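I opened this entry to look up the fold, then a few single residues. My notes follow the order in which I went through them.

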Amino acid sequence: MTNQPATLEPTTFVEARRRKLSDRLAQQGLDALLVFSPANRRYLTGFTGSFGYAVAFASEAPPAFLTDWRYVEQAGAQIPGAQVTELPKNKHLWTPLRNALANAGVQRLGIEAAHVSFAWAQEAQAELAGTELVPTRGLVEGLRTVKDEYEIACLSEAQRITDEVFSQVLPLVQPGVSERALAVELRHRIELAGAENYPGLPIVASGWRAALPHGRASEKRIEKGEFVLFDFGALVDGYHSDMTRTVACRKVGDREREVYGLVLEALEAGVQLATTQGSTGQEIDRACREPIRRGGYREYEHGFSVGHGLGLEVHEDPFLSETLLEELRPGMVITVEPGIYVPEWTGVRIEDTVVVAEGGGRVLNSTGRELREL
């Protein structure tokens, strides 16, 4: 487990998460939940491998875990007390799963509807004929929206590394350097710092390509007077940081400064609300849009949401949009990332991460937001 917070024992937190899920299952009259989502599986078990099915029980009994021969030993070590079953060589699930459900007396089994195919559901109806299958939505994701102490420690460490690496790479922003070269430097330095990388190259987009909200690094070379947009993060024990900064290669023009100023104003308005107890996603989204629209860039503002939850997935609930009317709760970790994207010219995005807390909240980023002309 990479860069794990040394003073915290993750197993304790995993067990507490399963107890919370057990309460939810009991409230819905379910005996167990079959977990497919890799993020949900890791959240409930601590298992870091790439294949396996977890069965979490309403009875608070240790989970059943079914996996192939590659991960039997690993699952036994990472999931204390779990009933680990090795699947047949063809990974045929049904007989081992029927046995696990029968041993636990499961009659009503929840299925993560958003994570299974229609074909799988049809087959399950036939193979598990003695068990009532109940589609569920968001049972585990709802728990994941509020982070525990261990998760916040991982997210904080991931952001610390992200800030550190960004400071190391900034001096490399020079005319003639390719976006790809900067992206590779980011990835290399994240690994050297003891964290892991997202799959693929991070977003490094310069000049006209900065207008592409998710413009992955290309072979384009940076030119004087261009913005360079960096959007990247690190992973610590599976938890993501996510930061965006837009910098300038040498001096930029007045219009570029205007756009940067509007986005900065938008970010600061959103972060102020995000760190104020009782704010809603709708309020934050509207606060971020107001300066951009007042400045005449409504047509080019960020898309359906101005931010998102952060955790085992880089984009997860809650999403800060016009439709999020509920108040943010202490323990939520969210991003605020307004932007302006003008096709064939340039784009600016600035993104901070906020931990929501009783009485307010705090920003995890230490990298400044001011315009840097390098």
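**Ground rules.** I am working on a predicted model, where local features need pLDDT of at least 70, side-chain atom pairs count only at pLDDT 80 or more, and totals for chains, interfaces and linings use all residues. I number residues from 1 along each chain as its sequence is written, and side-chain values use heavy atoms, with hydrogens and water left out.

**Whole chain.** I looked up the secondary structure and found ten helices and 18 strands. Helices (H or I, at least four residues) and strands (E, at least two) are DSSP runs, numbered from the N terminus. The radius of gyration is 23 Å, close to the 21 Å that the globule rule gives for 374 residues, so the chain is as compact as a globular protein of that length. For that entry the radius is taken over C-alpha atoms, and the rule is 2.2 Å times the number of residues to the power 0.38. Along the principal axes, the C-alpha atoms fill a box of roughly 70 × 40 × 40 Å.

I then checked burial. Of the 374 residues, 54% are buried. Buried means under 20% relative accessible area, exposed over 50%, and partly exposed in between (1.4 Å probe, protein chains only). The accessible surface comes to about 16000 Å², and carbon and sulfur atoms hold 50% of it. Those areas come from the Shrake-Rupley method with a 1.4 Å probe; for residues, only the protein chains shown count as cover.

Next came contacts, meaning heavy atoms within 4.5 Å. I took those between residues at least 6 apart in sequence, and 66% of them join residues at least 24 apart.

I started with Leu186, in helix 8 (residues 179–192). Leu186 counts as buried because its relative accessibility is 0%. Leaving out residues up to four places away in sequence, Leu186 touches Val165, Val169, Pro202, Val204, Phe230 and Phe232. I also noted the spacing to one of these: Leu186 and Val204 are 18 residues apart in sequence and 9.9 Å apart in space, C-alpha to C-alpha.

Val342 sits in strand 15 (residues 339–342). Its relative accessibility is 7%, so Val342 is buried. Beyond neighbours within four places in sequence, Val342 is in contact with Ala211, Arg255, Tyr297 and Tyr300. From Val342 to Ala211 the sequence gap is 131 residues, while the C-alpha atoms are 5.5 Å apart.

Strand 12 (residues 305–309) and strand 13 (residues 316–321) pair in the antiparallel sense over four bridges. I count strands as paired if DSSP finds at least two bridges between them. Across the pair, His308 stands opposite Phe319 in strand 13. Pro318 lies in strand 13 too. The peptide bond from Asp317 to Pro318 is cis, with omega near 0°.

**Positive phi.** Which loop holds Lys91? I found Lys91 between strand 4 (83–86) and helix 4 (94–103). Lys91 is not a glycine, yet its phi is positive, about 60°. At 37% relative accessibility, Lys91 is partly exposed.

Arg250 lies in the loop between strand 11 (243–248) and helix 9 (254–274). Its phi is near 70°, a positive value in a residue other than glycine. Arg250 counts as partly exposed, with 31% relative accessibility.
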